[in-house]
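Please keep the sequence and the model in view while reading.

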Amino acid sequence: MGASDPEVAPWARGGAAGMAGAGAGAGARGGAAAGVEARARDPPPAHRAHPRHPRPAAQPSARRMDGASGGLGSGDNAPTTEALFVALGAGVTALSHPLLYVKLLIQVGHEPMPPTLGTNVLGRKVLYLPSFFTYAKYIVQVDGKIGLFRGLSPRLMSNALSTVTRGSMKKVFPPDEIEQVSNKDDMKTSLKKVVKETSYEMMMQCVSRMLAHPLHVISMRCMVQFVGREAKYSGVLSSIGKIFKEEGLLGFFVGLVPHLLGDVVFLWGCNLLAHFINAYLVDDSFSQALAVRSYTKFVMGIAVSMLTYPFLLVGDLMAVNNCGLQAGLPPYSPVFKSWIHCWKYLSVQGQLFRGSSLLFRRVSSGSCFALE
(Lines give C-alpha, C1' and ligand atoms only; values in the text may rest on other atoms or scores of the structure.)
Protein backbone atom coordinates (compact mmCIF):
# COMPACT_ATOMS: atom_id res chain seq x y z
CA MET A 1 0.00 0.00 0.00
CA GLY A 2 2.19 2.83 -1.21
CA ALA A 3 3.00 5.17 -3.99
CA SER A 4 3.79 2.32 -6.33
CA ASP A 5 0.26 1.05 -6.74
CA PRO A 6 -2.26 3.90 -7.16
CA GLU A 7 -5.49 3.31 -9.01
CA VAL A 8 -7.78 5.61 -10.96
CA ALA A 9 -9.51 8.15 -8.76
CA PRO A 10 -13.35 8.24 -8.98
CA TRP A 11 -13.45 11.95 -9.70
CA ALA A 12 -11.13 11.47 -12.63
CA ARG A 13 -13.72 9.45 -14.50
CA GLY A 14 -16.28 12.15 -13.81
CA GLY A 15 -14.00 14.79 -15.33
CA ALA A 16 -13.34 12.73 -18.44
CA ALA A 17 -17.06 12.15 -18.88
CA GLY A 18 -17.65 15.88 -18.59
CA MET A 19 -15.08 16.58 -21.31
CA ALA A 20 -16.75 14.07 -23.58
CA GLY A 21 -20.10 15.73 -22.93
CA ALA A 22 -18.77 19.14 -23.90
CA GLY A 23 -17.37 17.74 -27.12
CA ALA A 24 -20.66 16.04 -27.94
CA GLY A 25 -22.55 19.30 -27.52
CA ALA A 26 -20.17 21.09 -29.86
CA GLY A 27 -20.49 18.31 -32.43
CA ALA A 28 -24.27 18.55 -32.36
CA ARG A 29 -24.21 22.26 -33.12
CA GLY A 30 -21.70 21.65 -35.87
CA GLY A 31 -24.02 19.00 -37.33
CA ALA A 32 -26.97 21.38 -37.36
CA ALA A 33 -24.91 24.02 -39.14
CA ALA A 34 -23.70 21.46 -41.68
CA GLY A 35 -27.29 20.43 -42.41
CA VAL A 36 -28.43 24.00 -43.05
CA GLU A 37 -25.38 24.65 -45.19
CA ALA A 38 -25.99 21.52 -47.26
CA ARG A 39 -29.60 22.51 -47.94
CA ALA A 40 -28.48 26.03 -48.95
CA ARG A 41 -26.08 24.60 -51.51
CA ASP A 42 -28.76 22.44 -53.21
CA PRO A 43 -29.63 23.93 -56.67
CA PRO A 44 -33.23 25.02 -57.34
CA PRO A 45 -35.57 22.57 -59.13
CA ALA A 46 -35.19 24.33 -62.50
CA HIS A 47 -31.50 23.53 -62.65
CA ARG A 48 -31.63 19.92 -61.50
CA ALA A 49 -30.43 17.04 -63.68
CA HIS A 50 -32.58 15.68 -66.53
CA PRO A 51 -35.41 13.35 -65.32
CA ARG A 52 -33.94 10.47 -67.27
CA HIS A 53 -30.78 10.80 -65.20
CA PRO A 54 -32.09 11.46 -61.71
CA ARG A 55 -29.64 12.36 -59.02
CA PRO A 56 -29.23 9.67 -56.36
CA ALA A 57 -30.95 10.44 -53.08
CA ALA A 58 -28.56 11.89 -50.57
CA GLN A 59 -27.94 9.71 -47.52
CA PRO A 60 -28.40 11.65 -44.28
CA SER A 61 -25.12 11.90 -42.41
CA ALA A 62 -24.75 11.14 -38.74
CA ARG A 63 -23.94 14.78 -38.07
CA ARG A 64 -27.14 16.00 -39.81
CA MET A 65 -29.29 13.46 -38.07
CA ASP A 66 -27.82 14.33 -34.70
CA GLY A 67 -27.97 18.08 -35.09
CA ALA A 68 -31.08 18.73 -37.19
CA SER A 69 -33.37 15.74 -36.87
CA GLY A 70 -33.98 15.56 -33.15
CA GLY A 71 -31.10 13.27 -32.19
CA LEU A 72 -29.50 12.92 -28.80
CA GLY A 73 -27.84 16.30 -28.99
CA SER A 74 -30.86 18.30 -30.23
CA GLY A 75 -32.32 21.09 -28.19
CA ASP A 76 -35.89 19.68 -28.25
CA ASN A 77 -34.82 16.53 -26.41
CA ALA A 78 -32.46 18.27 -23.98
CA PRO A 79 -34.58 17.56 -20.85
CA THR A 80 -34.95 13.90 -21.84
CA THR A 81 -31.24 13.58 -22.53
CA GLU A 82 -30.36 15.21 -19.22
CA ALA A 83 -32.73 12.89 -17.34
CA LEU A 84 -31.14 9.93 -19.12
CA PHE A 85 -27.66 10.98 -18.04
CA VAL A 86 -28.85 11.47 -14.47
CA ALA A 87 -30.44 8.00 -14.44
CA LEU A 88 -27.35 6.35 -15.94
CA GLY A 89 -25.12 8.18 -13.49
CA ALA A 90 -27.29 7.05 -10.58
CA GLY A 91 -27.00 3.43 -11.70
CA VAL A 92 -23.22 3.59 -12.02
CA THR A 93 -22.97 5.37 -8.66
CA ALA A 94 -25.06 2.72 -6.91
CA LEU A 95 -23.09 -0.15 -8.43
CA SER A 96 -19.72 1.39 -7.57
CA HIS A 97 -20.70 2.54 -4.07
CA PRO A 98 -19.39 -0.53 -2.18
CA LEU A 99 -16.03 -0.03 -3.88
CA LEU A 100 -15.78 3.60 -2.80
CA TYR A 101 -17.14 2.76 0.66
CA VAL A 102 -14.33 0.28 1.30
CA LYS A 103 -11.81 2.71 -0.19
CA LEU A 104 -12.90 5.45 2.21
CA LEU A 105 -12.60 3.19 5.27
CA ILE A 106 -9.09 2.29 4.17
CA GLN A 107 -8.27 5.95 3.56
CA VAL A 108 -9.15 6.87 7.16
CA GLY A 109 -6.94 4.02 8.38
CA HIS A 110 -9.60 1.59 9.60
CA GLU A 111 -8.08 -1.91 9.45
CA PRO A 112 -10.36 -4.21 11.52
CA MET A 113 -8.69 -7.41 10.27
CA PRO A 114 -5.05 -8.41 10.78
CA PRO A 115 -2.72 -8.82 7.81
CA THR A 116 -1.83 -12.23 6.42
CA LEU A 117 1.63 -13.53 5.61
CA GLY A 118 2.38 -14.13 1.95
CA THR A 119 5.15 -14.00 -0.61
CA ASN A 120 5.79 -11.56 -3.42
CA VAL A 121 6.96 -12.36 -6.96
CA LEU A 122 10.55 -12.53 -5.72
CA GLY A 123 9.68 -15.11 -3.09
CA ARG A 124 10.16 -12.78 -0.14
CA LYS A 125 7.79 -12.90 2.82
CA VAL A 126 5.51 -9.89 3.04
CA LEU A 127 2.39 -8.97 4.98
CA TYR A 128 -0.77 -8.33 2.98
CA LEU A 129 -3.78 -6.42 4.27
CA PRO A 130 -7.28 -7.67 3.39
CA SER A 131 -8.36 -6.99 -0.18
CA PHE A 132 -11.58 -5.27 -1.21
CA PHE A 133 -13.51 -8.56 -1.34
CA THR A 134 -12.40 -9.62 2.16
CA TYR A 135 -13.17 -6.17 3.52
CA ALA A 136 -16.61 -6.15 1.87
CA LYS A 137 -17.41 -9.56 3.39
CA TYR A 138 -16.50 -8.18 6.81
CA ILE A 139 -18.90 -5.25 6.35
CA VAL A 140 -21.67 -7.67 5.34
CA GLN A 141 -21.01 -9.73 8.49
CA VAL A 142 -21.35 -6.62 10.66
CA ASP A 143 -24.11 -4.63 8.93
CA GLY A 144 -25.61 -7.06 6.43
CA LYS A 145 -25.67 -6.56 2.66
CA ILE A 146 -27.52 -3.27 2.98
CA GLY A 147 -24.54 -2.02 4.99
CA LEU A 148 -22.48 -1.85 1.80
CA PHE A 149 -24.66 1.06 0.70
CA ARG A 150 -24.28 3.27 3.75
CA GLY A 151 -24.13 6.92 2.65
CA LEU A 152 -25.48 6.22 -0.83
CA SER A 153 -28.44 8.64 -0.74
CA PRO A 154 -26.44 11.88 -0.33
CA ARG A 155 -23.92 10.61 -2.88
CA LEU A 156 -26.70 10.03 -5.44
CA MET A 157 -28.00 13.53 -4.78
CA SER A 158 -24.50 14.98 -5.10
CA ASN A 159 -23.86 13.33 -8.47
CA ALA A 160 -27.32 14.27 -9.79
CA LEU A 161 -26.81 17.90 -8.75
CA SER A 162 -23.41 17.93 -10.45
CA THR A 163 -24.87 16.54 -13.70
CA VAL A 164 -27.77 19.00 -13.73
CA THR A 165 -25.42 21.89 -12.97
CA ARG A 166 -23.15 21.03 -15.88
CA GLY A 167 -26.12 20.71 -18.22
CA SER A 168 -27.54 24.06 -17.12
CA MET A 169 -24.19 25.78 -17.56
CA LYS A 170 -23.91 24.45 -21.11
CA LYS A 171 -27.25 26.08 -21.91
CA VAL A 172 -26.34 29.41 -20.31
CA PHE A 173 -22.73 29.42 -21.58
CA PRO A 174 -22.74 27.25 -24.72
CA PRO A 175 -19.23 26.19 -25.77
CA ASP A 176 -17.88 27.30 -29.11
CA GLU A 177 -17.43 24.64 -31.76
CA ILE A 178 -13.93 23.18 -31.51
CA GLU A 179 -12.50 21.70 -34.69
CA GLN A 180 -10.14 18.74 -34.67
CA VAL A 181 -6.70 19.90 -35.79
CA SER A 182 -4.00 17.31 -36.45
CA ASN A 183 -1.72 19.27 -38.81
CA LYS A 184 1.60 20.03 -37.13
CA ASP A 185 1.90 23.25 -39.16
CA ASP A 186 -1.14 24.62 -37.33
CA MET A 187 -0.01 23.76 -33.82
CA LYS A 188 -0.38 27.31 -32.48
CA THR A 189 -4.05 27.47 -33.47
CA SER A 190 -4.64 23.93 -32.26
CA LEU A 191 -3.09 24.65 -28.85
CA LYS A 192 -5.27 27.73 -28.44
CA LYS A 193 -8.36 25.62 -29.03
CA VAL A 194 -7.23 23.03 -26.47
CA VAL A 195 -6.62 25.80 -23.91
CA LYS A 196 -10.04 27.29 -24.63
CA GLU A 197 -11.75 23.90 -24.33
CA THR A 198 -9.94 23.05 -21.08
CA SER A 199 -10.71 26.46 -19.56
CA TYR A 200 -14.40 25.98 -20.33
CA GLU A 201 -14.40 22.49 -18.85
CA MET A 202 -12.51 23.69 -15.77
CA MET A 203 -15.15 26.36 -15.15
CA MET A 204 -17.97 23.82 -15.34
CA GLN A 205 -16.14 21.30 -13.15
CA CYS A 206 -15.30 23.84 -10.44
CA VAL A 207 -18.84 25.23 -10.24
CA SER A 208 -20.45 21.78 -10.15
CA ARG A 209 -17.92 20.63 -7.55
CA MET A 210 -18.62 23.60 -5.25
CA LEU A 211 -22.40 23.15 -5.44
CA ALA A 212 -22.30 19.40 -4.85
CA HIS A 213 -19.57 19.36 -2.19
CA PRO A 214 -21.86 19.78 0.86
CA LEU A 215 -23.66 16.55 -0.08
CA HIS A 216 -20.28 14.89 -0.64
CA VAL A 217 -19.25 15.84 2.91
CA ILE A 218 -22.47 14.36 4.31
CA SER A 219 -21.94 11.14 2.35
CA MET A 220 -18.36 10.79 3.62
CA ARG A 221 -19.41 11.26 7.23
CA CYS A 222 -22.29 8.81 6.93
CA MET A 223 -19.89 6.15 5.68
CA VAL A 224 -17.11 6.60 8.26
CA GLN A 225 -19.63 6.15 11.09
CA PHE A 226 -18.97 2.44 10.52
CA VAL A 227 -15.65 2.86 12.37
CA GLY A 228 -17.08 3.96 15.71
CA ARG A 229 -20.58 2.53 15.21
CA GLU A 230 -22.06 6.05 15.56
CA ALA A 231 -25.41 7.28 14.28
CA LYS A 232 -24.80 11.03 14.32
CA TYR A 233 -25.45 11.52 10.60
CA SER A 234 -28.55 9.55 9.60
CA GLY A 235 -30.41 11.61 6.99
CA VAL A 236 -29.60 14.42 4.60
CA LEU A 237 -31.79 17.07 6.23
CA SER A 238 -30.79 16.21 9.78
CA SER A 239 -27.12 16.11 8.76
CA ILE A 240 -27.42 19.58 7.21
CA GLY A 241 -28.81 20.87 10.50
CA LYS A 242 -26.06 19.26 12.59
CA ILE A 243 -23.23 20.54 10.42
CA PHE A 244 -24.62 24.07 10.29
CA LYS A 245 -25.18 24.14 14.05
CA GLU A 246 -21.74 22.77 15.00
CA GLU A 247 -19.46 24.12 12.25
CA GLY A 248 -21.37 26.88 10.51
CA LEU A 249 -21.53 27.41 6.77
CA LEU A 250 -17.83 26.58 6.29
CA GLY A 251 -18.47 23.09 7.62
CA PHE A 252 -20.13 22.18 4.33
CA PHE A 253 -16.98 23.02 2.38
CA VAL A 254 -14.21 21.32 4.37
CA GLY A 255 -11.90 19.50 1.99
CA LEU A 256 -13.12 21.49 -1.02
CA VAL A 257 -9.78 23.14 -1.88
CA PRO A 258 -7.75 19.93 -2.43
CA HIS A 259 -10.60 18.49 -4.50
CA LEU A 260 -10.70 21.60 -6.69
CA LEU A 261 -6.92 21.60 -7.10
CA GLY A 262 -7.01 17.93 -8.05
CA ASP A 263 -9.71 18.57 -10.65
CA VAL A 264 -7.78 21.47 -12.18
CA VAL A 265 -4.47 19.60 -12.32
CA PHE A 266 -6.20 16.56 -13.80
CA LEU A 267 -8.01 18.49 -16.56
CA TRP A 268 -5.01 20.52 -17.69
CA GLY A 269 -2.57 17.63 -17.39
CA CYS A 270 -4.80 15.19 -19.26
CA ASN A 271 -5.79 17.56 -22.09
CA LEU A 272 -2.36 19.06 -22.71
CA LEU A 273 -0.54 15.73 -22.61
CA ALA A 274 -3.08 14.17 -24.99
CA HIS A 275 -2.76 17.16 -27.32
CA PHE A 276 1.02 17.10 -27.54
CA ILE A 277 1.12 13.31 -27.96
CA ASN A 278 -1.46 13.40 -30.76
CA ALA A 279 0.28 16.31 -32.47
CA TYR A 280 3.95 15.34 -32.18
CA LEU A 281 4.09 11.57 -31.67
CA VAL A 282 1.19 10.29 -33.80
CA ASP A 283 1.93 10.76 -37.50
CA ASP A 284 -0.97 11.42 -39.88
CA SER A 285 0.56 8.95 -42.35
CA PHE A 286 0.06 6.13 -39.85
CA SER A 287 -2.92 4.01 -40.92
CA GLN A 288 -4.30 3.75 -37.35
CA ALA A 289 -3.63 7.38 -36.40
CA LEU A 290 -7.32 8.18 -35.88
CA ALA A 291 -7.85 5.17 -33.62
CA VAL A 292 -4.73 5.93 -31.58
CA ARG A 293 -5.78 9.56 -31.09
CA SER A 294 -9.23 8.51 -29.90
CA TYR A 295 -7.69 6.58 -26.97
CA THR A 296 -4.93 9.03 -26.04
CA LYS A 297 -7.03 11.16 -23.70
CA PHE A 298 -8.41 8.08 -21.97
CA VAL A 299 -4.94 6.67 -21.32
CA MET A 300 -3.63 10.06 -20.19
CA GLY A 301 -6.61 10.33 -17.84
CA ILE A 302 -5.59 7.14 -16.08
CA ALA A 303 -1.95 8.23 -15.80
CA VAL A 304 -2.73 11.74 -14.53
CA SER A 305 -5.33 10.47 -12.05
CA MET A 306 -2.61 8.33 -10.45
CA LEU A 307 -0.51 11.44 -9.85
CA THR A 308 -3.42 13.49 -8.51
CA TYR A 309 -4.70 10.81 -6.12
CA PRO A 310 -3.18 12.55 -3.03
CA PHE A 311 -5.55 15.50 -3.60
CA LEU A 312 -8.50 13.09 -3.43
CA LEU A 313 -7.17 11.45 -0.26
CA VAL A 314 -6.48 14.73 1.54
CA GLY A 315 -9.88 16.14 0.56
CA ASP A 316 -11.74 13.09 1.87
CA LEU A 317 -9.77 13.04 5.13
CA MET A 318 -10.45 16.72 5.74
CA ALA A 319 -14.18 16.14 5.15
CA VAL A 320 -14.34 13.81 8.18
CA ASN A 321 -11.60 15.30 10.35
CA ASN A 322 -12.58 16.63 13.78
CA CYS A 323 -16.32 16.32 13.11
CA GLY A 324 -17.15 14.39 16.27
CA LEU A 325 -16.71 10.94 14.72
CA GLN A 326 -14.11 8.44 15.87
CA ALA A 327 -12.67 8.09 12.36
CA GLY A 328 -11.69 11.77 12.36
CA LEU A 329 -10.08 11.88 15.80
CA PRO A 330 -6.98 10.31 17.41
CA PRO A 331 -5.80 7.57 17.29
CA TYR A 332 -7.14 7.22 13.73
CA SER A 333 -6.18 10.72 12.72
CA PRO A 334 -4.64 13.85 14.26
CA VAL A 335 -6.75 17.00 14.28
CA PHE A 336 -5.46 18.85 11.23
CA LYS A 337 -5.25 22.65 11.16
CA SER A 338 -5.54 22.77 7.37
CA TRP A 339 -5.39 20.56 4.31
CA ILE A 340 -1.70 21.47 3.92
CA HIS A 341 -1.06 20.17 7.44
CA CYS A 342 -2.84 16.95 6.47
CA TRP A 343 -0.75 16.64 3.28
CA LYS A 344 2.52 17.11 5.16
CA TYR A 345 1.52 14.57 7.80
CA LEU A 346 0.66 11.92 5.22
CA SER A 347 3.84 12.68 3.29
CA VAL A 348 6.03 12.15 6.37
CA GLN A 349 4.20 8.90 7.11
CA GLY A 350 4.58 7.73 3.49
CA GLN A 351 0.78 7.43 3.22
CA LEU A 352 -0.09 9.87 0.42
CA PHE A 353 -1.40 6.95 -1.66
CA ARG A 354 -3.20 5.13 1.14
CA GLY A 355 -6.30 3.44 -0.21
CA SER A 356 -5.24 3.73 -3.85
CA SER A 357 -4.98 -0.05 -4.19
CA LEU A 358 -7.83 -2.34 -3.17
CA LEU A 359 -6.58 -5.73 -4.33
CA PHE A 360 -2.91 -6.26 -3.42
CA ARG A 361 -2.45 -4.17 -0.27
CA ARG A 362 1.01 -4.72 1.13
CA VAL A 363 1.82 -3.46 4.62
CA SER A 364 4.00 -0.36 4.39
CA SER A 365 7.23 0.08 6.31
CA GLY A 366 5.69 2.71 8.58
CA SER A 367 2.82 0.49 9.67
CA CYS A 368 2.32 -0.81 13.20
CA PHE A 369 2.28 -4.36 11.83
CA ALA A 370 5.57 -6.18 11.67
CA LEU A 371 6.84 -9.59 10.64
CA GLU A 372 7.30 -12.04 13.48
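## Basis

Helices here are DSSP runs of H or I with at least four residues, numbered from the N terminus. By that numbering, V195 lies in helix α6. The model is predicted.

## Nonpolar surface patch

Five side chains make up a nonpolar patch on the surface: L191, V195, F276, Y280 and L281. Together they present about 460 Å² of accessible area.

Which elements give two or more residues to the patch? They are α6, spanning 187-228, and α8, spanning 256-281. Helix α8 supplies the largest share, three residues. V195 has a relative accessible area of 33%. It counts as partly exposed because that class lies between the 20% limit for buried and the 50% limit for exposed.

## Three-stranded sheet

The sheet is open and has three strands in the order β1-β2-β3. Its pairing is antiparallel. Strands β1 (116-119) and β3 (361-362) stand at the edges. Each has a single partner strand, so one side of each lacks a neighbour in the sheet.

## Strand pairing

Four bridges join β1 to β2, and the two run antiparallel. T119 stands opposite K125 in β2. The two strands form a hairpin, with five residues between them. In the turn, G123 has a positive phi of about 85 degrees.

Strand β2 covers residues 125-129 and pairs with β3 over two bridges, again in the antiparallel sense. There, L129 has R361 of β3 as its bridge partner.

Definitions and conventions
Residues numbered from 1 in each chain as written. Predicted model: local features only at pLDDT ≥ 70, side-chain atom pairs only at ≥ 80, totals over all residues. Heavy atoms only, no water. Patch = residues over 30% accessible without salt bridge, like charges linked within 9 Å, V, L, I, M, F, W, Y side chains within 5 Å. Areas by Shrake-Rupley, 256 points an atom, 1.4 Å probe, with all protein chains shown as cover. Salt bridge = Lys/Arg side-chain N within 4 Å of Asp/Glu carboxyl O. Buried < 20%, exposed > 50% of the residue type's maximum accessible area, 1.4 Å probe, protein only. Pairing = 2+ DSSP bridges.
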